[in-house]
Each structure stands twice: as C-alpha cells, then as structure tokens.
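I opened my notebook to look up how charged side chains pair up in this model. My entries follow the order in which I checked things.

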Amino acid sequence: MTFEKIPYKIYLSEQEMPKTWYNVRADMKTKPAPLRNPGTGAPMGFEDLRGVFCDELVRQELDNDTAEIPIPREIRDFYKMYRPSPLVRAYCLEEKLQTPAKIYYKFEGNNTSGSHKLNSAIAQAYYAKQQGLAGVTTETGAGQWGTALSMACAYLGLDCKVYMVKVSYEQKPFRREVMRTYGAAVTPSPSMETEIGKKILQEHPGTTGSLGCAISEAVEAAAKNPGYRYVLGSVLNQVLLHQSVIGLETKAALDKYGVVPDIIIGCAGGGSNLGGLISPFMGEKLRGEKNYRIIAVEPASCPSFTRGRFAYDFCDTGMVCPLAKMYTLGSGFIPSANHAGGLRYHGMSPVLSQLYHDGLMEAVSVEQTKVFEAAEAFARVEGILPAPESSHAIRVAMDEALKCKETGEEKTIVFGLTGTGYFDMVAYEKFHNGEMTDYIPTDAELQKSFDKLPQVPGLD
C-alpha cells in the first residue's frame, strides 16, 4: 500500500483554529420553528427561557440571523488542550475494502471525555460561570456528555449534577466513575429524587430510562435550586452552534489540500455531532456554492428521521420542557434497553429536522449488529476502537465505499468519528458472544406513541 501526497493525518495549527462559531440558521431560507409554550402554544422568547438556561445561551438559542459568533478567548484557550483534532485519511480501510473511494474521518475522541461533547460543554459551563451561577444540571445517555460537562465544570469550579439514563448507569460503571472523579454527582434516571422521576417510575415500573426521562429530572432539579441552570448536550440550536468547530476544522483541513468531499456522513441521535460536522458544508449548499450529499445515520431501534413525525413535541418524557418542532417518535417513546450507545433520544434537532424536511439531507437507519460488524472491522485496520454511536456512521461510510467498488466511481467520503468505545465493552462483549439482537419497533408501537403527541391550539 502506498500513501498519496495527502498525509495520513491532517492537523491544523493553533493559528488556523476557528475564532468564530458558524450559525447555519443564518443561511437557512426556512428557519427552524420557534420553541413554544406547551400551555398556550405561544412562541417563547428570552424572558421565557432564561429561568431554565443561562442568559447568553438563550441569546444564542434564539439568534437565527448572525452567521458568525465570536468564540471567547477563554474557550479558545481551553480548546487548545485537545484541538485542533485530526482529519484522518483512512488509507488502511480503503485498502481493506479494495475501494476506489477516498475515505476521511474527523476524529473527536482525543480528549479524556472520549468524544466531541467537550466542545459545547466548556462553552455552556463558561457562560454559567460568567453569569455567576453556582452550578448546572444535565442528563446523559451513554455518559459522554456527562463526562464532558463534569470536566468543564471541574475546570471552572462549578457544581455539576448529572442524571444518567439507568441502563447506561448500570452498563457503564466506569464512565460513571470518571464523572465522579471530576466532581460530578451522578444519579440513575428515572430516580426517586424528583417528582417527575417518581411519576415515571409509577407509570413505568422497572423502566430502563431514556434521555427524555433524564432531561425531565435535570430540568426539575435546576428549577428547584437557586443559582443553578439546566444545560443540554445535543438537540438545541446553541449546541449545534458550538459543535460547528468540528465542521469548520474539517473544511479547513480539506481545503488545505484541495479536497472536495462528495458525501458527508454523521451519526444522528439528537444531532450535535452531525450538525457540527455538516454546518459549513450545508452553508455552502444553502448558498448555492456547492452540492454535497449529506447522510444522517440513526439506529433502527430509535428511528426519529426515517420513521418519525415532523411535529411539535415535548423535548422530555415528563413534559415539563418547551415544545420543539422536530422529527420525533413521541416524548413517551423509550427505546429498547438492548440497544447499545447513546443514540436513544426520541427526537431530532429542530435545525436538522428542518433541513431534512426541506430535502437538503438524507437519512438512513441501521441495525446494531451491522453497526458492530463495521466497528470491529474498522478497529482492526484503523487502530481505533470506535464508540457505538460513531460506528453508525462507519457502517454507512463503508457501505458507500463498497458501492464505489461496484461502480468504479472515485468518490470522496467524509464521516465523523465522534469518539472512542473503551467504556462500551459490555456492548462489544454482547456482540462477540452472539447475545446482541436487533430490536426494531413495530408500526403499532410507534403509533401508540404518536397518538400522544401534544395537541395545542395554534400549533401546525
């Protein structure tokens, strides 16, 4: 195998790192629908949201027009501890697949949290500190977001309370201990600590939890404790804004060598990684400058894009959060506990939902046994044990590369490798032991959840 002139790993210098976040909403012809009050259906503004979120984060959440938002120097200095992250040419994977396709992946796992989540965690913690708050509350699924936030809070001297989806809490004790090492208090959700948690347990005894459940508990905990605010690791506009550093670095690295991707692929749970990776490329597409094929990959067990409804829904199971218009399976939908990884959220980012609804991107769902087959194949040739979430993107990237093998097309594929899978060994063990199965919800199960979508006057 002979490497081409393009390095195996492309690094930017510190001077080439982004100094502004890119807000893709500024270039969207159809803006994402506003958050709405579940009681009245009225759009929610700054005063409505500041009781839950930090003030500056509310401003970012509501800003649909400013294309570039400066990254504060303190955040850029923190980024330098692990950024810029490498863009890797997957020469070994190309050789293994015997494909004419050129494959690149943006690797976000080179920090202790093991994922891209730290990009937004430090931003949200910074604004909480600037506001003079005592601490923040949050939820976490696979544990990557909770780990990232605990690191950011430790760095800035903030208290951190994490509600971790119960199935992940039990399957990933070491992820939990990393959070505690950084000073976070971690509670399995749903719990008996909150009124919402008690209600969910009463209605669903023995439930393994979901991100929707954990969000409800974290919001309630923040509301009940003066000096605290709630922060979220995905879905929200502000989070996609912070994660745009992924795509900005990716594009800068490709531009450095004159590489133009044909296909851009990312895993999709709530949308933070996918939205961050595709943002500058989508901006070019929206402005009519380029035409990329963009693919969102989600689990067949939690198929928000491919089988969900584009409608207003609660962002949480306890129905205490604002309503967001998004592709959703219904806030009461709880994925099978068998599914590995953190892509267990019932809805999708309103930004990505609108882009998908407008036909600007595609979506596919994949079964987890096929995902882990791809993860294992990737690990054996590229030397990185990928997270289950990332492996959804790997699966489709490999599938697209094999299509190029059949047709002889030399397409350039870029995908997001969101993080490492070293805390996901229970899932890998189940796969290797032949104990992993593919659960796919039936139409009847989904319809039962759709039937409970909120009916609020004035909502379309």
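Which side chain does E108 meet in a salt bridge? I found that E108 pairs with R83, at 2.7 Å from N to O, where a salt bridge is a side-chain nitrogen of Lys or Arg within 4 Å of a carboxyl oxygen of Asp or Glu.

Before going on, I noted that this is a predicted model, in which local features need pLDDT of at least 70 and side-chain atom pairs count only at pLDDT 80 or more, while totals for chains, interfaces and linings use all residues. Residues are numbered from 1 along each chain as its sequence is written, and side-chain values use heavy atoms, with hydrogens and water left out.

I then looked up burial, taking buried as under 20% relative accessible area, exposed as over 50% and partly exposed as in between (1.4 Å probe, protein chains only). E108 is buried at 2%, and R83 is buried too, at 3%.

Next I turned to E195 and K198, whose closest N and O atoms are 3.4 Å apart in a salt bridge. Both sit in helix 9 (residues 195-203), 3 residues apart, and so about one helical turn separates them; a helix here is a DSSP run of H or I with at least four residues, numbered from the N terminus. E195 is partly exposed at 48%, and K198 is partly exposed at 33%.

Last, I recorded a network of salt bridges linking R73, E74, D77 and K80, and a total of 31 salt bridges in the structure.

Note on methods: Helix = DSSP H or I, 4+ residues; strand = E, 2+ residues; numbered from the N terminus.
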